[in-house]
Amino acid sequence: VEGLERGQQRQDTARAALDEAWGWVSSRVRGGPASVPGAEDAEELTRLGLQMLARDEWNLVVDRGGVRVWKAAFDLPKPCAQQLPCMKAHAIVDARPEELVALMMDSSRIREYNKYSIGRVDVEQLGPSTKIVWNRTRPPLSKKPHELCTLMHCSRLSDGSFVILTRAVEHPLVPRRNIYTRDEVLLGLNLFRPIKGRKSEFLSISHVRSPALPAMLAHKFNTQGSFDFMRSVQTAGSRSKAGSAT
């Protein structure tokens, strides 16, 4: 019994520390321009991601239930890390691109498509379609919760498609703390292309560094993570479409 009580006390202490950190960032959220390393490269990185999507050198690793996932089979350009897997995924989502952009850019809705998230907050608004966010997740089998400090930048293409770029950045309001494992999105891209039936063709690139994940397991976990993400967006998109129709 004493062992269980000590374990519960440790959990309560850890939870209190997380809540304190969350409140610390939330109380300092602000708007307006700022100099954030990497923010000025958003459009350039968006173009890079679109070029990577269009390449042919991707090895198909999953083709199941309408979701396909590939692994890059070419030398990755900077700022990517050659030793880490870079994943591409594809699915059809029963929602319009505008609905999916609204879903993903709204931090309060992240749990609709990320079951491991334990909260995301907007740290700083850099423009009408660009912001810095702080996301906390609790992946399975992880000893500590994970965090990401990420630039999000949304663009609209000439064909009516929308692109959301994500890229790890450092921000003074989100210092690294040892109560979290800091993951880094080296390059993330979500492309929503309108198709018939008020649906979207959804293409994504995911290239993430996680210190808690051994290199030998990175391919397996990132492959499954890409597949699960597409499935979750499909489900959330259908719900979003149904909600907007009522």
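The turns below take up strands and salt bridges.

Reply: This is a predicted model, in which local features need pLDDT of at least 70 and side-chain atom pairs count only at pLDDT 80 or more, whereas totals for chains, interfaces and linings use all residues. Residues are numbered from 1 along each chain as its sequence is written, and side-chain values use heavy atoms, with hydrogens and water left out.

Me: How many of the residues of strand 8 are buried?

Reply: Strands here are DSSP runs (E, at least two residues), numbered from the N terminus, and buried means under 20% relative accessible area, exposed over 50%, and partly exposed in between, with a 1.4 Å probe and protein chains only. Strand 8 covers residues 162–168. Phe 162, Ile 164, Thr 166 and Ala 168 point one way from the strand, while Val 163, Leu 165 and Arg 167 point the other way, and all are buried.

Me: Which residue in strand 8 is the bridge partner of Met 152?

Reply: Two strands pair if DSSP finds at least two bridges between them. Strand 7, residues 146–156, pairs with strand 8 in the antiparallel sense over 7 bridges. In strand 8, the partner of Met 152 is Thr 166.

Me: Which residue takes a positive phi in the hairpin of strand 7 and strand 8?

Reply: This hairpin has 5 residues between the strands. The residue with a positive phi, near 90°, is Gly 160.

Me: What is the bridge partner of Phe 162 in strand 10?

Reply: Strand 10 spans residues 184–195 and pairs with strand 8 in the antiparallel sense, over 5 bridges. In strand 10, the partner of Phe 162 is Phe 192.

Me: Is Glu 201, which forms a salt bridge with Arg 193, buried or exposed?

Reply: A salt bridge is a side-chain nitrogen of Lys or Arg within 4 Å of a carboxyl oxygen of Asp or Glu, and for Glu 201 and Arg 193 the closest N and O atoms are 2.9 Å apart. Arg 193 is partly exposed, at 30% relative accessible area. Glu 201 has a relative accessible area of 18%, and so Glu 201 is buried.

Me: How many salt bridges does the structure hold?

Reply: One of them joins Arg 176 and Glu 184, with the closest N and O atoms 2.9 Å apart, and another joins Glu 57 and Arg 55, where that distance is 3.0 Å. In the structure, the number of salt bridges is 12.

Notes: Helix = DSSP H or I, 4+ residues; strand = E, 2+ residues; numbered from the N terminus.
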